[in-house]
Amino acid sequence: MLPDMTSLNIDVVDEMLVKDKVVEYNVSNEVETNEADIVYQRLDTLYMYENANTTNATAIQINGAFNGTPVAQRVEFMKEDPATGVKEQLPIGRNNLYTIKIRPSQDSTTVSFGIEVEDWTNAVGDTMTIEPKKVAPVLKDLTEDEQIVGATRTDKRIEITDLNAFTGTLSFTAEGNQDSEFAIQYVGRSGATWLSVEDLVTKGELEGFTKASPILKRKYTIDFSKAKLDELKSNSTVPSDALILIQNTNAATICDTIRICFRPDYDKTGLKPVLMRNKNGKEYFWAPVNVGATQVASSIPEVKTQKAWDALSDDQRTAIFNQCGYYYQWGRKTGFKMPLATAMDTANVAEVGWPTGQGALADFESNLNWQSKFIIRGTTATHGRDTQYNWLLFTSQMDNPAKGDVVTDAWYQNLWNKNEVAGTTTVPLKVKDYDPCPDGWRVPTVDEWEVIRTSSTKGENNGTVMVVIGAEADNNLIFPAAGARSYDTGEAEDVGVRLLLVVVGFERWYLYQRHILHS
């Protein structure tokens, strides 16, 4: 058993003060005395009092330089269980030799420490390894050396309001026990480069690290006049956030962030895109409303049938459309409203016949049989062919495959999105010929919708909308229960009752589904 002794700080004196034996010095004037409250010893041999370390681990702080850079590292005497990974304090006992080995880490920009514990006679003993503690740089003293205009700033977040006027500078100091570096990442539009210029961020000299404080400091200055605003202007319909990451040099994922937001209104609605987060933590944008909608949905009346729809006033139907927008048949560029009369009106509904095969798609929207019409499904009993709830016959003189026989990479799977990687549902490429989305937007993938569908952060409002919590406070994604049109007749059904969404990939038998867009 070890005595649980009171903690004692042991420091290393400058070489000019070192003697060949343990001596004590007064902290205030470094005069030898027997009344010092801190014990100084040589660097090569430290005698530590035995300590059970039941509360805090014994620690040694090593100050020095590595690759020309000041290094300060606190080495705590901790032992890790190799089976469980649990760390606990290592008791300091009699007749043990503790050897601290300093070695470069893999990135060769810092050092790591190994501590070998042996019997004083160098018998094989216990071994533990201690890595430097990596912490995120702390950003301090944020200052607009030249006032930022064309944007609003709240601490480390800057929202661009005027691309024609955006300029100014922002400086700050990054502090930490290790050096820092910067990198730029983008959220939103793929291929963005509007902040990737060499002289955008100026990195100052490394400062700090004194005997009194092991903190390292670097000053950074961001000059927004260097931003490629023309690149933003040429993509002005799509959100694009730039993240300036101030990283721990030895661990890029440990960082603080300056966020510059470009959030244009979605499709001239006056509504901002909604920042969401996928299952892997990646951020991305969803459109706030469906195509044609101008209001975020709040309350949709229950209208289950075509008869009930016809009984609504024009103002009521307009109010629903403003919240729900257009309805789409899978793979078609044309959007539809709910019918204002009986659904089997041949001026609005194609009752018999379908585009057949991939070759028919080039001009089917200009064909009077189908132009701007809702195309109902075919059945073997009534039409001689089974389209499996679809508006399109994939192969002439053949029924469409049942759901279980649908081929993942077939051409009819790629009418709205085309996979860049064969057989995947996660890497989409917009197909402009048939995609109904506004410029710069696309239909979400199956995986992207699954994140929304299975989200544990959902809420209901009046039972007629689905609320999915966004990545930012008070900015949520809201889906209205927009209902559908019957694949058999084209009639309105289940408005205010059912929510259906279209995603890339012909996975569902639903002919008609609610449509949301995504950048």
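I looked up Asp141 and noted it as exposed, at 58% relative accessibility (exposed is over 50% relative accessible area, buried under 20%, partly exposed in between; 1.4 Å probe, protein chains only). Asp141 is not a glycine, yet its phi is positive, about 55 degrees. Its place is strand β11, residues 138-149 (helices are DSSP runs of H or I with at least four residues, strands runs of E with at least two, numbered from the N terminus).

The model is predicted: local features need pLDDT of at least 70, side-chain atom pairs count only at pLDDT 80 or more, and totals for chains, interfaces and linings use all residues. Residues are numbered from 1 along each chain as its sequence is written, and side-chain values use heavy atoms, with hydrogens and water left out.

I checked Gln397 next. Gln397 is not a glycine either, and has a positive phi of about 65 degrees. I found Gln397 in the loop between α4 and β27, exposed at a relative accessible area of 60%.

Overall counts. I noted five helices and 35 strands. Of the 519 residues, 45% are buried. The protein exposes about 26,700 Å², with 48% of that supplied by carbon and sulfur atoms (Shrake-Rupley method, 1.4 Å probe; for residues, only the protein chains shown count as cover). Among contacts with a separation of 6 or more, 58% come from residues 24 or more positions apart (contact means heavy atoms within 4.5 Å).

I followed β12 (residues 151-154) into β13 (residues 157-160); the two run antiparallel and are joined by four bridges (strands pair if DSSP finds at least two bridges between them). Thr152 has Glu159 in β13 as its bridge partner. Two residues separate the strands, and Asp155 in the turn has a positive phi of about 55 degrees.

Cores. The largest nonpolar core holds 28 residues, and Leu361, Trp391 and Leu415 have the most contacts inside it (a core is a set of buried Ala, Val, Leu, Ile, Met, Phe, Trp, Tyr and Cys residues joined through side-chain atoms within 4.5 Å). A second, separate core has 27 residues, among them Leu139, Ile158, Phe166 and Tyr220.

Aromatic pairs. I counted 11 in the structure (ring centres of Phe, Tyr and Trp, the last by its six-membered ring, within 6.5 Å; planes under 30 degrees apart are stacked, over 60 edge-to-face, the rest tilted). Phe166 and Phe224 make a tilted pair, 5.1 Å centre to centre with 40 degrees between the planes. The two are 58 residues apart: Phe166 is in the loop between β13 and β14, Phe224 in the loop between β18 and α1. Phe166 is buried at 3%, and Phe224 is buried at 0%. Tyr389 and Tyr487 are edge-to-face, 4.7 Å centre to centre and 75 degrees between the planes. Tyr389 lies in the loop between α4 and β27 and Tyr487 in the loop between β32 and β33, so this pair ties together parts 98 residues apart in sequence. Tyr487 is partly exposed, at 26%. Ring pairs also link Phe172, Phe182 and Tyr220 into a cluster.

Charges over rings. I found the charged end of Arg332 over the ring of Trp391, 5.5 Å from its centre (NZ of Lys or CZ of Arg within 6 Å of the ring centre and within 35 degrees of the ring normal). The charged end of Lys337 sits over the ring of Phe321, 4.5 Å from its centre.

Helix α3. Phe321 is one of the buried residues of α3 (residues 314-324). Gly325 follows α3 and has a positive phi, near 75 degrees.
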